[in-house]
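The sequence and structure come first.

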Amino acid sequence: MDTNDFKEALKSGKLSGVYIFAGEEEYLVRYYLKSLRDAIGIDDAFAVFNNPVFDGEEIDFGAIAEAVKAPPMMADFKLIEWRHADFNALREQGHAQLEELVSLCEEHSYSIVAFTAGGDGLDFGTQNKPSAFIKKFGKLQGINILRFEKSTENQLYAWLKRHFEAHGVSVTLDTVKALVFRSGRSMDVLAAEVEKLAALAHARGKDTVTPEDVGEVASSTPECDTYALSNAILERNRQKAYFALEEMKIKRVDPIAAMGMIARTFDDLTVVAHLLDEGRGMNEIKALLGMNEYKLKIYMSAAKRYGAERLSKIVESLAKADSGAKFGGVTGYTAVELFISQNL
């Protein structure tokens with residue numbers, strides 16, 4: 001079953017049997033489970049009877065069976081949930097118990113069972129070589145398996161745009177690209193950032209969120225913790241670089257890590273600059289380097305600001321600074337500051 005089929009079943013009310021919501025995108029796993037719960041219409045007053053919830057990697061099929069057999073209280077249907085199941089741990093006996101559960105739900109049609117499994121909880125295999133579990137249960141009547149893989153960038157952009165609009169603000173493509181670049185790809189994290197940015201816009205009497213707003217308040221991922229120094233390099237702004245270094249000193253970031261980040265930034269800039277000199281376009285460079293589109297735009301602008309020849313010389317000086325530090329030369333943050341003073 002795919003999500004479109006599931007949405008149609010929700011609309012028509014034709015819900016029955018066993019559902020498995022699985023995959024790496026846990027935000028969507030929880031979202032679609034909630035959609036099922038809402039469609040069934042669980043009354044909070046009777047949730048203890050009509051929506052029993054179990055948790056754990058090891059599935060207790062006996063406990064689920066008992067819940068399935070018990071009729072709902074003051075309702076037509078009940079939903080039994082088992083969260084964080086590990087289907088990969090099931091052996092032949094577990095597979096047989098799952099088949100029995102499907103038959104039991106057919107017998108007690110007022111009961112619907114929903115499992116959730118994280119990215120490690122159900123091996124799907126590949127399209128050409130599905131796992132043994134998917135081969136056995138993927139097309140078994142009475143069991144519906146929905147897979148939620150990590151969203152692509154374009155899927156995230158579209159989802160973010162809808163999410164912002166639901167909070168009453170509009171965004172451009174550059175804004176959502178900036179947010180993914182800065183805060184990462186976790187939908188849980190991004191949902192929280194959308195709420196924060198939308199609240200900021202409303203507080204300021206605005207109905208739009210801009211890339212500048214993202215840079216001002218959005219939380220950065222661990223990969224972006226050196227964002228300020230990297231950004232200073234890309235802007236070729238020496239003063240900003242010194243401020244960023246002071247912050248890194250306060251946080252006790254290893255100067256070797258700082259120099260490593262500088263090296264990676266200039267290595268990437270140099271590659272981009274030479275590809276631009278070869279006449280390569282943005283789409284071609286993106287495909288070659290696998291770089292985030294928003295990040296690539298920034299790097300392309302910075303590469304033009306430095307020039308390929310200048311960047312090649314900077315990379316050479318980085319190699320000399322690294323070699324000097326290893327053989328008795330200037331080390332620590334002094335070496336980093338000296339490099340910045342000579343090259344930005």
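## Aromatic pairs

Y32 has a relative accessible area of 8% and is therefore buried (buried means under 20% relative accessible area, exposed over 50%, and partly exposed in between, with a 1.4 Å probe and protein chains only). Y31 has 45% relative accessibility, so Y31 counts as partly exposed. This is a predicted model, in which local features need pLDDT of at least 70 and side-chain atom pairs count only at pLDDT 80 or more, while totals for chains, interfaces and linings use all residues. Residues are numbered from 1 along each chain as its sequence is written, and side-chain values use heavy atoms, leaving out hydrogens and water.

The whole structure contains 13 aromatic pairs. Rings of Phe, Tyr and Trp (its six-membered ring) pair if their centres lie within 6.5 Å; planes under 30 degrees apart count as stacked, over 60 as edge-to-face and the rest as tilted. Y31 and Y32 form an edge-to-face pair, because their ring centres are 5.2 Å apart and their planes lie at 85°. The rings of F87 and F115 are also edge-to-face, with centres 5.3 Å apart and planes at 75°. F87 is in the loop between β3 (78-83) and α5 (92-107) and F115 is in strand β4, so this pair ties together parts 28 residues apart in sequence. Helices (H or I, at least four residues) and strands (E, at least two) are DSSP runs, numbered from the N terminus. F87 and F115 are both buried. A cluster linked by ring pairs consists of F6, Y19, F21, Y31, Y32 and F148.

## Nonpolar cores

A nonpolar core is a set of buried Ala, Val, Leu, Ile, Met, Phe, Trp, Tyr and Cys residues joined through side-chain atoms within 4.5 Å. The largest one has 41 residues, of which Y19, F21, L36, W159, L160, F164 and L179 touch the most other members. Elements giving two or more residues to this core include α1 (3-12), β1 (17-22), α2 (26-40) and α7 (153-166). Apart from this core lies another, of 36 residues, with A232, A244, L245 and A273 among them.

L160 is in contact (heavy atoms within 4.5 Å) with V176, L179, V180, L190 and V194, leaving aside neighbours within four places in sequence.

## Packing of α13 and α14

Helix α13 (residues 255-277) packs against helix α14 (residues 282-289) at an angle of about 140°, and their axes are 11 Å apart. Axes are lines fitted to C-alpha atoms, for helices over the stretch in contact, and angles run from 0 to 180 degrees between N-to-C directions. In this packing, V271, V272, L275 and L276 of α13 meet I285, L288 and L289 of α14.
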